[in-house]
Amino acid sequence: MANITQIVSLSDSAFFSIVTSALEAYSVCHQDSPKDEHVPVETYGNLWGYQAATKRNESVLHVVLADSDVSAKRELGSVSPADTAFELKRDFADSFFPELEYLGDFHSHPWDESEAKTELNVQRSLYHQQSSDDQKFAKYQHELGKPYRLQLIVTVFERPNMVKRTSGHLDDDLSCIRFQYDKRTIWIKAYAYRLNEKEGTSRKVNKDNIALICPCAGVTVDTING
């Protein structure tokens, strides 16, 4: 069994918001798209919840809510959030949901057959994982002094025909879940960071020590230990 030290848990509400935001950016034509041409774009949002621990002393980041940043600049290969949007939502959460903490963010990676060819190619090419720009963005959030502990990447790939497959972790990678919706395969990959508030530093948690659980996708603590 893997040596899990960090569990990332998605509530039903967070799962709904994250996935539907990614699907909307992928499937719906946007105002700045060329006429009669659909261009899948990335989306972005913030994650809100709390940090806890299990009786096995595993750290838990529980994502209760996720928002979609409607002011973010969305493009095919990138998404740029507005700092003022985060500040507005942080202050709103502090007033109406003071029990929730800012945990981090999520964004999507859209792929189709013209780019990735096959689902297997998405995985072999690591298109569902952090890019170098994603890593730099996380580092930048830490430099800003944000209590940034979590980055989720939602990857969407669409094919002509529907494929039946059970939902669950991606092979031996417990930090990633994969499931099917209609003709699309969707991956959610978690990256966690440990903060040292006294030193003002952060450390990336090894992916082999992270487990992502999500009851909506049929992935629970039992599927980790089983």
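Strands β8 and β9 form a hairpin with two residues between them, and in its turn Asp171 has a positive phi of about 55 degrees; strands here are DSSP runs of E with at least two residues, helices are runs of H or I with at least four residues, and both are numbered from the N terminus. The model is a predicted one, in which local features need pLDDT of at least 70 and side-chain atom pairs count only at pLDDT 80 or more, while totals for chains, interfaces and linings use all residues. Residues are numbered from 1 along each chain as its sequence is written, and side-chain values use heavy atoms, with hydrogens and water left out.

Strand β8 (residues 168-170) pairs with β9 in the antiparallel sense over three bridges, where pairing requires that DSSP finds at least two bridges between the strands. Within this pair, Leu170 has Asp173 of β9 as its bridge partner. On to β10 (residues 184-196), β9 is joined by six bridges, again antiparallel, and Tyr181 stands opposite Arg184 in β10. The hairpin of β9 and β10 has two residues between the strands, and Asp182 takes a positive phi near 55 degrees there. Strand β9 (residues 173-181) is largely enclosed by the rest of the structure, because eight of its nine residues are buried, that is, under 20% relative accessible area with a 1.4 Å probe and protein chains only.

The largest pocket holds about 440 Å³ of space, the volume being the space filled by probe spheres set on grid points joined across faces, edges and corners. A pocket is an open set of points on a 1 Å grid over the protein atoms alone, where a 1.4 Å probe fits, with protein on both sides within 12 Å along at least five of seven lines, and lining residues have an atom within 4 Å of a point. Of its 24 lining residues, Glu42, Gly77, His109, Ser131 and Asp134 lie nearest the centre, and β6 gives the most to the lining, with five residues.

Note on methods:
Buried means under 20% relative accessible area, exposed over 50%, partly exposed in between (1.4 Å probe, protein chains only).
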